[in-house]
Amino acid sequence: MLKPSLRMLAKNWWPVLFWLGVIRMESTDTASASNTSQLVYVVVATVYPKVERSSVEQLDDVLRKSGHFLGYGILAVLVFLALRNTNRDRVRALLQRPWGTQLRDFWRREWALIGMLMTIITASFDEIHQTFIPSRSGRWQDVVLDTFGAAILMLMTYLLSRHAFVRRQRA
């Protein structure tokens with residue numbers, strides 16, 4: 001069964017499609033800095049009524065950049081997992097050995113590179129899209145931050161994959 005079925009693809013790729021939808025929603029006017037800053041101010045002022053607006057704006061900036069880093073890192077990992085799981089489901093029945101007995105069952109460089117490439121393309125189109133929204137700005141620096149987030153989460157995925165492989169070898 002080398003050709004994946006539509007059901008297999010849907011099962012393995014729905015998280016990627018969902019996350020792309022989340023990224024798309026965050027690229028709208030609703031998630032502009034002025035709107036998120038107001039929301040953060042309301043939340044912080046509820047806990048600490050004497051908070052200065054400038055402090056909340058700084059916090060909002062940190063949260064927004066952290067969101068870029070993590071959001072696109074998550075996208076890269078989801079693409080990686082979708083590729084890995086689709087490969088597993090396709091070849092498991094054809095393997096002459098049990099699945100999971102080699103590191104390449106858990107980690108392949110090409111899966112990570114495709115996840116990174118998907119991140120760079122999506123981040124680039126997202127920033128281009130934002131240049132057409134008056135309350136948003138497209139920044140190449142955000143694409144770099146998104147790519148860095150993807151790279152760090154890919155490194156963590158490699159370490160976790162290697163750990164899972166070693167643990168399976170011991171079992």
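1. Helix α1 length. In this predicted model, helix α1 covers residues 6-26. Its 21 residues, at 1.5 Å a residue, should span 30 Å.

2. Bend in α1. The helix is bent by about 50 degrees at Trp-13. A proline, Pro-15, follows within four residues.

3. Buried side of α1. Which residues of α1 are buried? They are Met-8, Asn-12, Val-16, Val-22 and Ile-23. Their cover includes α3 (53-91) and α4 (109-130).

4. Nonpolar surface patch. Leu-117, Ile-121, Phe-125, Ile-128 and Phe-132 make up a nonpolar patch on the surface. Together they have about 560 Å² of accessible area.

5. Phe-132. This patch member sits in the loop between α4 and α5 (140-170). Is Phe-132 buried or exposed? Its relative accessible area is 67%, so Phe-132 counts as exposed; the cut-off is over 50%.

6. Gln-130. This residue lies in helix α4. Its relative accessibility is 3%, so Gln-130 is classed as buried; the limit is under 20%. What does Gln-130 contact, leaving aside neighbours within four places in sequence? The partners are Ser-27, Arg-136, Ser-137 and Gly-138.

7. A distance to check in the viewer. Gln-130 and Val-42 are 88 residues apart along the chain. Their C-alpha atoms are separated by 25 Å.

Note on methods
Residues are numbered from 1 along each chain as its sequence is written. This is a predicted model: local features need pLDDT of at least 70, side-chain atom pairs count only at pLDDT 80 or more; totals for chains, interfaces and linings use all residues. Side-chain values use heavy atoms; hydrogens and water are left out. Helices (H or I, at least four residues) and strands (E, at least two) are DSSP runs, numbered from the N terminus. The expected span of a helix is 1.5 Å times one less than its number of residues. The bend at a residue is the angle between axes fitted to the seven residues ending there and the seven starting there. Buried means under 20% relative accessible area, exposed over 50%, partly exposed in between (1.4 Å probe, protein chains only). Contact means heavy atoms within 4.5 Å. Patches are made of residues with over 30% relative accessible area and no salt bridge: like charges are joined within 9 Å, nonpolar side chains (Val, Leu, Ile, Met, Phe, Trp, Tyr) within 5 Å. Accessible areas come from the Shrake-Rupley method with a 1.4 Å probe; for residues, only the protein chains shown count as cover. A salt bridge is a side-chain nitrogen of Lys or Arg within 4 Å of a carboxyl oxygen of Asp or Glu.
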